[in-house]
Amino acid sequence: MLHSNYSVNGEGHFTLCGADTVKLAEKYGTPLYLLDENDIVKQCRIYRNAVKKYFSEKSAIYYASKALSIKEIYRIIEKEDINADVVSLGELYTAIKAGYTPSRLCMHGNNKTPEEIRAALGYGVGSFVVECFDELDSISEIASDMGVTAKILLRITPNIDCHTLEAISTGKLDSKFGVPIETGQAEKFVERALSLPHLDLIGYHCHCGSQVFEHEPYLDQLEVMMVFAADMKKKFGYAPEYLNIGGGFGVRYNESEGEIDIDGSIKLIGEKLTELCERFSLERPHVFMEPGRSIVASAGVTLYTVGSVKNIGDFRTYVTVDGGMSDNPRYALYKARYDALIANKANMPKDIVCSIAGRCCESGDLIGEDMPLQSAERGDILAVTVTGAYNYSMASNYNRVARPAIVVIKDGEDRLAVRRETLDNIIENDI
């Protein structure tokens, strides 16, 4: 099947990590998010081992919390020696409440509020990625008031086109993220950071985009960044101890997409870094990477119950389910493609082509169009695969629909990680 943790059992039911998804739907109800802990651990180890092998022992992986931020994720990744970045007070608070070590956290985000900066410093986060001049001044001022020093990395825009969707491309000249090199602003950014009190500039950060299947954009980005680093060393005598090259490795969402060799790609990046450091007479920096999607995406499956099958002659067939854009808005946002199957008929051929429609009162509430599927009927369990990233984290209460529960599976055994929202949860902040 699409990923090695997906299978079909003797009853013809779709399984995740050996667990029968039909029985899980009966036990916990639908819609339901499932997460395979074994798969998350496997991906963590691939990344962790590769950066230690091809970069240095002080190099590290920072899990991008925006992909999925729940307490259980932080418990899992810390056991695997994985750091994390957080981009809001909510993500920071979730990690802290999960018992995650604050010094392993990096505070990210392109518009950090004074409250977030103060909280991050108060909790003792390990570092900040700084996005702009105003934020640089603000962190310096707040750190001075608190009598602490903030370790920072400057986010530099390398102007690299990584040939991904516009909505998830972050490295272009006019991106909302970071400070560009080409305009001369990045040089002034470095100069300003070195002059401010209570800041310890430990390195640079860059990120070209997400869902990238080729390694070449990372090599191009690295070259731009090391040319910049050499120039800053010449002008200010500063060389980075750390270089954060971002995340963004692609994930196979459907059969039409390929797979990326994570270990092999990191090896090539390591070789390129060595060559560039030798060329520019720079000491080799330790490397940080920020995978999010590629750690949790394939671990996830979402289960729904089919409500109806509506055939509009030769035009279109709709299979409607009890979830939709409220628990997975990615198709509505940018036509993200998924695979789906009828979990209780997983051993049968996909003999129809349909649009999977959600329950929200929007024409655009679709999980996909022109999707092959087994013949469906009311009461069937429909599984959408590769939903571990950016589904729960982007979920909403549109139409006052409750968010689903999350169940984690390890070695075929299931446990509840996030309770299903109740009607009282939905109105609890109403006055």
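Angles under 35 degrees count as roughly parallel, over 145 as roughly antiparallel, 65 to 115 as roughly perpendicular and the rest as oblique. The model shown is predicted; local features need pLDDT of at least 70, side-chain atom pairs count only at pLDDT 80 or more, and totals for chains, interfaces and linings use all residues. Residues are numbered from 1 along each chain as its sequence is written, and side-chain values use heavy atoms, with hydrogens and water left out.

**View 1. Helices α4 and α5.** Helix α4 covers residues 89-97 and helix α5 covers residues 114-123; helices (H or I, at least four residues) and strands (E, at least two) are DSSP runs, numbered from the N terminus. Their axes come within 10 Å and cross at roughly 20°, where axes are lines fitted to C-alpha atoms, for helices over the stretch in contact, and angles run from 0 to 180 degrees between N-to-C directions. α4 and α5 are therefore roughly parallel to each other. The crossing of α4 with α5 is left-handed, a term for a near helix turned anticlockwise from the far one by less than a right angle, with right-handed used if the turn is clockwise. From α4, L89, L92, Y93 and I96 meet E115, E116, A119, A120 and Y123 of α5; contact means heavy atoms within 4.5 Å. The residues of this contact divide into seven nonpolar, no polar and two charged. In this division Ala, Val, Leu, Ile, Met, Phe, Trp, Tyr, Cys and Pro count as nonpolar, Asp, Glu, Lys and Arg as charged, and the others, Gly among them, as polar.

**View 2. Helices α7 and α8.** Helix α7 spans residues 185-195, and helix α8 spans residues 216-236. The axes of α7 and α8 come within 11 Å and cross at roughly 50°, which makes α7 oblique to α8. This crossing of α7 and α8 is right-handed. On the α7 side the contact is made by A186, E187, V190, E191 and L194, and on the α8 side by F228, D231, M232, K235 and F236. Six nonpolar, no polar and four charged residues make up the contact of α7 with α8.

**View 3. The largest nonpolar core and F128.** A nonpolar core is a set of buried Ala, Val, Leu, Ile, Met, Phe, Trp, Tyr and Cys residues joined through side-chain atoms within 4.5 Å. Buried means under 20% relative accessible area, exposed over 50%, and partly exposed in between (1.4 Å probe, protein chains only). The largest such core has 131 residues, and F128, I152, L154, Y204, I266, M289 and L382 are those with the most contacts inside it. Helix α8 supplies the largest share of this core, nine residues. Another core, of eight residues, lies apart from the largest one and includes Y62, V129, L153 and Y242. Not counting residues up to four places away in sequence, F128 touches C106, M107, K112, I117, A120, L121, I139, A150, K151, I152 and L153.

**View 4. The surroundings of H108.** H108 sits in the loop between β7 (105-107) and α5. H108 is buried, with a relative accessible area of 5%. Leaving aside neighbours within four places in sequence, H108 is in contact with D85, V86, V87, V129, E131, R155, H205 and E290. The C-alpha atoms of H108 and Y54 are separated by 25 Å, and these residues are 54 apart along the chain.

View 5. V41 lies in helix α2 (residues 37-54) and is buried, at a relative accessible area of 14%. Not counting residues up to four places away in sequence, V41 touches I76 and E80. I76 is one of the buried residues of helix α3 (residues 71-79), the others being E72, I73, Y74 and I77. D81, which follows α3, has a positive phi near 60°. V41 and V296 are 255 residues apart in sequence, with a C-alpha to C-alpha distance of 9.2 Å.

**View 6. Backbone geometry in two loops.** Most residues other than glycine have a negative phi, and most peptide bonds are trans. T30 and P31 are joined by a cis peptide bond, with omega about -10°; P31 is in the loop between α1 (21-28) and β4 (32-36). N399 is not a glycine, yet has a positive phi of about 60°, and N399 lies in the loop between β19 (381-385) and β20 (405-410). R400, also in the loop between β19 and β20, has a positive phi of about 55° although it is not a glycine. N399 counts as partly exposed at 40% relative accessibility, and R400 counts as partly exposed at 46%.
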